[in-house]
Amino acid sequence: RMFHDDELEESEKFYVGQPRVLLLIYALYNTLVARSEMVCYFVIILNHMISASMITLVLPILIFLWAMLSVPRPSKRFWMTAIVYTEVAIVIKYFFQFGFFPWNKHVDYTKDKPYHPPNIIGIEKKEGYVHYDLVQLLALFFHRSILKCHGLWDEDEKGDSSSNKEDTDDELSLTGGRRDSSASLKSVNLAASVESIHVHFPEQQTAIRRKSSSSISQLSHRSSFSSHRSKRDIFKNINHTTLSLYFLQCKLCAIKSHCGLCCFRTLQVYMPIRQFFYNLIHPDYSAVTDVYVLMFLADTVDFIIIVFGFWAFGKHSAAADITSSLSEDQVPEAFLVMVLIQFGTMVVDRALYLKKTVMGKVIFQVILVFGIHFWMFFILPGVTERKFSQNTVAQLWYFVKCVYFGLSAYQIRCGYPTRVLGNFLTKSYNYVNLFLFQGFRLVPFLTELRAVMDWVWTDTTLSLSSWICVEDIYAHIFILKCWRESEKRYPQPRGQKKKKVVKYGMGGMIIVLLICIVWFPLLFMSLIKSVAGITNKPLDVSITITLGGYQPIFTMSAQQNQLKSLDPNEFNEFLRSYRGNTAALQFLEGYAREDITRADLEGNSNSLWTISPPSRKKMIQGLQDFEADFTLVISWTIQRTLEEVYPYYIKAPSDSLAKPIKQLLKDCKWENITVSLVKNASEEWWVLNQLGKRQKTPQESLELFIFSDKVSPPSLGFLAGYGIMGLYASVVLVIGKFVREFFSGISHSIMFEELPNVDRILKLCTDIFLVRETGELELEEDLYAKLIFLYRSPETMIKWTREK
């Protein structure tokens, strides 16, 4: 009861007794206070996404290249820079809202132009021009108040003034001498405040020295610390002395010449930046962490956004569909460029992670930050011809990329892990990790690409084939370990039959899956048009008639109002006319009323009959030959009945070949038409008339019924285009091959599948990874040879995998 306080106890009881909603509000507020600096970052990035101008571009770049790289937290100078810059930006935007500026007189005309200078700079006149800047300023002042409340606002000045004393007081720090109690208490409270408020990943609090794998030795922590500290202090003293002499020389030159003054001013800017990045790459201590998985997930999300929203990165592709584009064997340029760039950055990031080079990561971070901001806010608006603030997909992609930048900055600040052992999915042995790991291995070429990249950028004595062998053995043993752990958690007593839940659950699911795979093409092709099919009505129906290979005598087309749908009465009458015809009724079952179109074609040809005199003479001679296949009566008006030549009913399938419907033609005979030649002065044309029309019209005309097959939706057209046989050949047979291998290859893998205890083999694989990371390459060869011998010796494998 030494620290017992009645008021604190009463206060705790009071807060515990509050409603859950109020407790949730308290928790959210405390989270906001603890992460106030992240709130500032979020508001600054959001302001830039909405405004997308050169004025708002400065702070996001400073966040990723200054604030997030500062150890242990951003300095007071950064926050003052952000506050002052925001205030100046608000004043500048307010000043340029007056209407006497020339560009403010045609705001409606220039507001959507991405390369209009006021839009690029951010001084255009608009409603709510300063709302997000005020929210940003409010967030910055809120964070400033939190820092002042915890005594961290003026910490940088105190730290700078006392840093020299701490550096020169090596004797006291190394021999364990103590400072006065007040100073010690102050440092303890300061450390507690830092950890409780500003550490973003509290589960990794152990701070260790960043070392290369070759520097591992048997020395104690105190001796290694002392030697490293001494070397660093010597370098600091030499560096500080050199810089002081150089600055003194530049001051003397500045007094004598203007060039020397410029050189001195440049050094005043350059040297602090250089020192900042040097301290970042060569820190005294770093809380080593590993956020590569989170960076990879952020890149993966960006990759998915590119695949499904590639149209947002092109000029005239707002209505494009990646599925339809790929089904037409067309690869959009915007899609290709974005995918290659995103994939290339993921490969480079993996290489830096494996090499554990912080300097390379810093350079890559600087290049990416400047490159992506320049591309997103200066190049992309010109390509898409719309402002960044109007491109929702690009905004989403940029926000996820900002998350990646933040994680990269945190990785740089904390340093890469000294050892990278195995896949991140293999850290525990449960069903979630098992299925995620197997799904990871099912992605085409991902496992192979990862294995080859790891071999290229990791120091090892193994060949590529041996490396892949170890990776395959490790993956196989991990899967077995997960199954053995699940058997321990859910044991099956001996002599007890399997439960019906397991049999019908797992077995029933497999049965249904296999049946669906076998009958998938028939079911898919049946439902794709009957359920999800779209009516494909004709837009143009044309008729052309030619006699004996001469110039066409009749050409006519029906469009728009000449193409009519049947009303319910006409459709019912149409069905009743075929009541006794079984073949016709069976055909009509697949068509609804909206699938039938009646085309009314004008009887008069829409073009004059232009035939040369010799051809005309030969045609007349052919018509006068009554023993030919067709005969006509020649007169001033040539009229002749053409029997069974006109297809009254036409089927328009999904492909381009239209066919007559023989089931609906009476006795499979086509309709009769009359053909007449009309001559007027020096012009002549042909007139056709159908004899047996449903719509009795006095003028000469042709009537045609078109039955349109439903077509698959555009999103599934690439799959439906294969047809039933194509789906069987490309889907069912391929899946059947893999299923057959699973059921027929079990006997060959019993020796490697039925291992009761795989802990020793798993430890051997882990030892190979460990000695490789520590640089013991000879030991790596020995352990690999031991692993290969184990798989070559069945007797040794039995001994190694017995239950303990």
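In which handedness of crossing does α17 pass α18? The crossing is left-handed, a term used where the near helix is turned anticlockwise from the far one by less than a right angle, with right-handed meaning clockwise. The structure is a predicted model, in which local features need pLDDT of at least 70 and side-chain atom pairs count only at pLDDT 80 or more, while totals for chains, interfaces and linings use all residues. Residues are numbered from 1 along each chain as its sequence is written, and side-chain values use heavy atoms, with hydrogens and water left out.

**Overall composition**

- The protein has 32 helices and 10 strands, taken as DSSP runs numbered from the N terminus (helices H or I, at least four residues; strands E, at least two).
- Of the 804 residues in the protein, 36% are buried (under 20% relative accessible area, with exposed over 50% and partly exposed in between, using a 1.4 Å probe and protein chains only).
- Among contacts (heavy atoms within 4.5 Å) with a separation of 6 or more, 73% join residues 24 or more positions apart.

- Helix α18 (residues 392-414) contains 23 residues and spans 33 Å from its first C-alpha to its last, close to the 33 Å expected at 1.5 Å a residue; the expected span is 1.5 Å times one less than the number of residues.
- Most of α18 is covered, as 19 of its 23 residues are buried.
- Helix α17 (residues 358-384) packs against α18 at an angle of about 160 degrees, with the axes 11 Å apart; axes are lines fitted to C-alpha atoms, for helices over the stretch in contact, and angles run from 0 to 180 degrees between N-to-C directions.
- α17 is therefore roughly antiparallel to α18 (over 145 degrees).
- The contact of α17 with α18 comprises 17 nonpolar, 3 polar and 2 charged residues; Ala, Val, Leu, Ile, Met, Phe, Trp, Tyr, Cys and Pro count as nonpolar, Asp, Glu, Lys and Arg as charged, and the others, Gly among them, as polar.

**Helices α3 and α8**

- The axes of α3 (residues 36-51) and α8 (residues 131-149) come within 9 Å and cross at roughly 165 degrees, so α3 is roughly antiparallel to α8.
- This crossing of α3 and α8 is left-handed.

**Leu664**

- Leu664 lies in the loop between β7 (659-660) and β8 (671-680).
- Leu664 counts as buried because its relative accessibility is 1%.
- Beyond its neighbours within four places in sequence, Leu664 contacts residues including Phe574, Tyr578 and Phe707.

Conventions
Angles under 35 degrees count as roughly parallel, over 145 as roughly antiparallel, 65 to 115 as roughly perpendicular and the rest as oblique.
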